[in-house]
Amino acid sequence: MSSQIDHLLTENRRFAPSPEFAADAVATADLYAQADADREGFWAEQARALHWHTPFSQVLDWSNPPFAQWFADGELNVAYNCLDRHVEAGNGDRVALLWEGEPGDERRVTYAELTDEVKRAANVLRGLGVEAGDRVAIYMPMIPEAIAAMLAVARLGAVHSVIFGGFSADSLRTRIDDAGAKVVITADGGYRKGRVSPLKPAVDQALADRGAGPQGTVEHVLVVRRTENEVGWTEGRDIWWHDAVPAASGEHEAQAFPAENPLFILYTSGTTGKPKGILHTSGGYLTQATFTNKVVHDLHPETDVFWCTADIGWITGHSYVTYGPLSNGATQVLYEGTPETPHPGRWWELVEKYGVTVLYTAPTAIRSFMKLGRQIPQQFDLSSIRLLGSVGEPINPEAWMWYREIIGADAAPIVDTWWQTETGSIMVSALPGVTETKPGSAQVPLPGIGVDVVDDQGEHVGNGNGGLLVLTQPWPSMLRGIWGDPERFVETYWEKFQNKGYYFAGDGARLDEDGDVWFLGRVDDVMNVSGHRLSTTEIESALVGNEAVAEAAVVGASDETTGQAVVAFVIVKQSYLSAHEPEGLADALRKWVGEQIGPIARPRDIYIVGELPKTRSGKIMRRLLRDVAEGREVGDTTTLADTAVMSVISAQVK
Ligand code: PRX
């Protein structure tokens, strides 16, 4: 890590905003001063950009930290803000979604059409008994109905839990059960990598075979027909979207709900084996998602074509596909498939075809394109692009420069945006047109956001030093808790700096001489693979769930393309070895993890070893395994119970 830090700190390229960009930029430098002068007043002003059925009189209630309430006596309807208000303002004919399926089919959905679809879907859900506060699971491909489903749930004041379509039936079941979902909305399948990737069968599997656990809560499954693959059908439970939604009434008046009404739960990996259901509420979340999308992505809804490439299964898809852009009345591209299908220039073809002006994507994608070579994007006309964004993991200066030069014609500003599922919206980023940018640094807290880098005692480290990133003030789109586990919420984020009242993000960071923030990756047992959060413990539990495995240790090893890669060290049971040949076991275990959690969790490497490095108290020293996985000299082993174990492991890995 230290060589990487040194390298980063010698980065001295700077890019000042161009006067032309600055002249028309949404963000202005005085936002910082406004927020500094009156932080709550600043957020109240941003909140007033939304439509409130009942205006709020109170901004922040922080009387019971860390449980915040924002705009608590105000009432609004999130879906109304994303849909009806644009139609009522005369923008019903504006295209909301420029959708493209992986096979090349297209749909343009206007605000009026999307509003109509959502009203009907809300009526269908209401008919299925969904009421305010009920949970609805959504397990869908990237099709317009997925967004309509989220908004229909929100419109009813109910709570959605979107589960990424790449998760297994098992992961789906855990999440459905944890939230106690009443309805699941899914599709027969979606197109990925040129093939049908079925979804409904995983839902059927998740709902069948409920083991010894409690009876499931799911009463109905609403199914969109997308890929026309054969699907199982449970009469009375399953309903086709295309039967129910068009037949439902198109009349649905959006009711007002309190600002703190829960909007969604989104599961993310923590340091334990059990994913956390991060809870977000309505008014504060929508305020900050809308504001950040506007100022960080310099959104001009009348002229821009925005494209955030994230799946709706992740927080980026929630805030910058569904809620931010639609609340702002923007036009955006929605693409179903993978970047390399049917050819490696597919994304650039879409940029050219739809005239994308603002592109927001992850460093992993940029690094994969870099590897393929600049000749691929250069076959397309990318001249519509005027702003680029990065999210999900640190972006190395090389990838930043490539992004700027090859995709941004050496002119488009880049915003490297740091945030988390828990923060709900962007927290640290340059403001385009205002901030001079630096390749590799996410830079500065947004106006109204309190960020610091501190030591273990919570003391500011000062410029030129590294430490832990904390958020020093409550913010509107902050998580309101972990679903069903208030203690874990306090413990995970607030206990460490309890004396200061800081939120502990779990990220290492460094301040440079200008006070700009450089993110250095997680400081806990959370890995970041291709911008996706994975827990070492969760993958270890999956591995030991296999009959062959006695013990497992998982580490995130640095990887040129994916940022980090999952590497597992596994001890095989004697009983298994006496009855089976070990050949092919590593492959079988990779596949097993894919089935248990989802393909994104599949280890890149699995090493079968005889022992694991443990301290005298039995704690696995992952740091040493990471040294082996990254091909480095193994570090200090003096705290190991058996100091010889690392040389045995290194030999076995070789
Ligand atoms: O480690 C940080 C990294 O991603 C984590 C949050 O992951 P998740 O909740 O899945 O949300 C990802 C999309 C917002 C953070 O704790 N991370 C996110 N953005 C950046 C980043 N690391 C460095 N630079 C970023 N821009």
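**Exercise 1. Identify the bridge partner of Asn64 in β2, and describe the pairing to which it belongs.**

Solution. Step 1: the bridge partner of Asn64 in β2 is Phe67. Step 2: strand β1 (residues 60-64) and strand β2 (residues 67-70) pair in the antiparallel sense over three bridges. Two strands are taken to pair if DSSP finds at least two bridges between them. Helices (H or I, at least four residues) and strands (E, at least two) are DSSP runs, numbered from the N terminus. Step 3: β1 and β2 form a hairpin with two residues between them.

A note on the basis of the exercises: the model is predicted, local features need pLDDT of at least 70, side-chain atom pairs count only at pLDDT 80 or more, and totals for chains, interfaces and linings use all residues. Residues are numbered from 1 along each chain as its sequence is written.

**Exercise 2. Determine the strand order of the open sheet of eight strands, and state which strands stand at the edges.**

Solution. Step 1: the order is β12-β11-β8-β6-β7-β14-β15-β23, with mixed pairing. Step 2: β12 (238-240) and β23 (481-482) stand at the edges; each has a single partner strand, so one side of each is left without a neighbour in the sheet. Step 3: within the sheet, strand β8 (residues 183-187) and strand β11 (residues 220-224) run parallel and are joined by five bridges. In this pairing, Thr186 has Val223 in β11 as its bridge partner.

**Exercise 3. Describe the contact between domain 1 and domain 3.**

Solution. Step 1: the protein chain is divided into domain 1 (38-338), domain 2 (452-522) and domain 3 (526-653), with bounds that come from an automatic or database domain assignment. Step 2: the centres of domain 1 and domain 3, taken over C-alpha atoms, are separated by 36 Å. Step 3: eleven residues from domain 1 and 13 residues from domain 3 take part in the contact. Two residues are in contact if their C-beta atoms, placed from the backbone, lie within 7 Å. Step 4: on the side of domain 1 that touches domain 3, one residue is nonpolar, nine are polar and one is charged.

**Exercise 4. Examine the residues that UniProt lists under "binding site": is Thr316 buried or exposed?**

Solution. Step 1: the unreviewed UniProt entry lists Arg192, Lys193, Gly194, Arg195, Thr316 and Ser530. They span 339 residues in sequence and the farthest two C-alpha atoms are 25.1 Å apart, so they do not all gather at one spot. Step 2: a residue is buried if 20 or more other C-beta atoms lie within 10 Å of its own, exposed if 12 or fewer, and partly exposed in between, with C-beta atoms placed from the backbone. Step 3: Thr316 lies in helix α13 and is buried, because 25 other C-beta atoms lie within 10 Å. Leaving aside neighbours within four places in sequence, Thr316 is in contact with Cys308, Ala310, Val391 and Gly392. Step 4: Arg195 lies in strand β10 (residues 195-198) and is exposed, with 12 other C-beta atoms within 10 Å. Step 5: Ser530 has a positive phi of about 55° and sits in the turn of the hairpin formed by β26 and β27.

Note on methods
Ala, Val, Leu, Ile, Met, Phe, Trp, Tyr, Cys and Pro count as nonpolar, Asp, Glu, Lys and Arg as charged, and the others, Gly among them, as polar. UniProt positions are given in the numbering used here, feature names are shortened, and annotations may be inferred rather than shown by experiment.
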